[in-house]
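Biologist: I'm new to this one. Could you walk me through it?

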Amino acid sequence: MSLRTTKTDTSPRWTRHLAPLLLAWLLAAVWGSVVQTQWNLRALVNLGVNIAATERASVTLQDLISFAPVYAGILAAGWLLALPVALLLARRWPVWRSPLLAVAAGAGMVAAVRTVDMVAPMPVFIDATRHLPGLLAMSAGAVVAGLLYALLTTANGAGQKHLR
């Protein structure tokens with residue numbers, strides 16, 4: 001007999017996932033927006049344009065307001081398919097849950113960006129993703145966000161079935 005009481009989470013499963021998912025999505029959107037802004041500013045500096053630190057900060061803030069919501073939508077489209085697949089695979093291989101969600105978040109981002117590039121009138125919608133280094137820099141944010149989602153949903157009990 002144990003004197004220790006355990007608190008059980010009686011909230012619906014989707015609510016245990018929603019806040020961590022929104023937090024991860026916000027992280028990925030902010031990361032991607034900042035990366036693409038700095039990528040573009042670096043390209044201008046390479047062309048000889050002098051950009052003061054205050055102007056860098058101002059442009060970054062402006063892109064967080066204007067570009068990040070657009071990028072968040074693109075990201076959501078990729079995650080809408082990728083994360084449920086990862087969660088289904090994690091049921092089969094629970095020990096791989098975190099890596100599966102991290103990879104799925106990154107792959108979903110890349111797939112969504114490449115899909116937008118196919119339908120956008122310009123060669124690429126997000127210049128930072130034109131070449132592999134920029135694409136990897138932006139997808140790194142999605143990977144970290146996927147890992148954050150995995151850790152937060154495991155910590156709050158959503159993914160602990162395999163741990164008991």
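Biologist: In which hand of crossing does H2 pass H3?

Modeller: This is a predicted model, where local features need pLDDT of at least 70, side-chain atom pairs count only at pLDDT 80 or more, and totals for chains, interfaces and linings use all residues. Residues are numbered from 1 along each chain as its sequence is written, and side-chain values use heavy atoms, leaving out hydrogens and water. A crossing counts as left-handed if the near helix is turned anticlockwise from the far one by less than a right angle, and as right-handed if clockwise. For H2 and H3 the crossing is right-handed.

Biologist: How many residues in the contact of H2 with H3 are nonpolar?

Modeller: Contact means heavy atoms within 4.5 Å. Residues of H2 including Trp79 and Leu83 meet residues of H3, among them Leu101 and Met109. Ala, Val, Leu, Ile, Met, Phe, Trp, Tyr, Cys and Pro count as nonpolar, Asp, Glu, Lys and Arg as charged, and the others, Gly among them, as polar. The contact has one charged residue, two polar and, on the nonpolar side, 18.

Biologist: How far apart are the end C-alpha atoms of H3?

Modeller: The expected span is 1.5 Å times one less than the number of residues. With 23 residues, H3 should therefore span 33 Å, and its end C-alpha atoms agree, being apart by 33 Å.

Definitions and conventions
Helix = DSSP H or I, 4+ residues; strand = E, 2+ residues; numbered from the N terminus.
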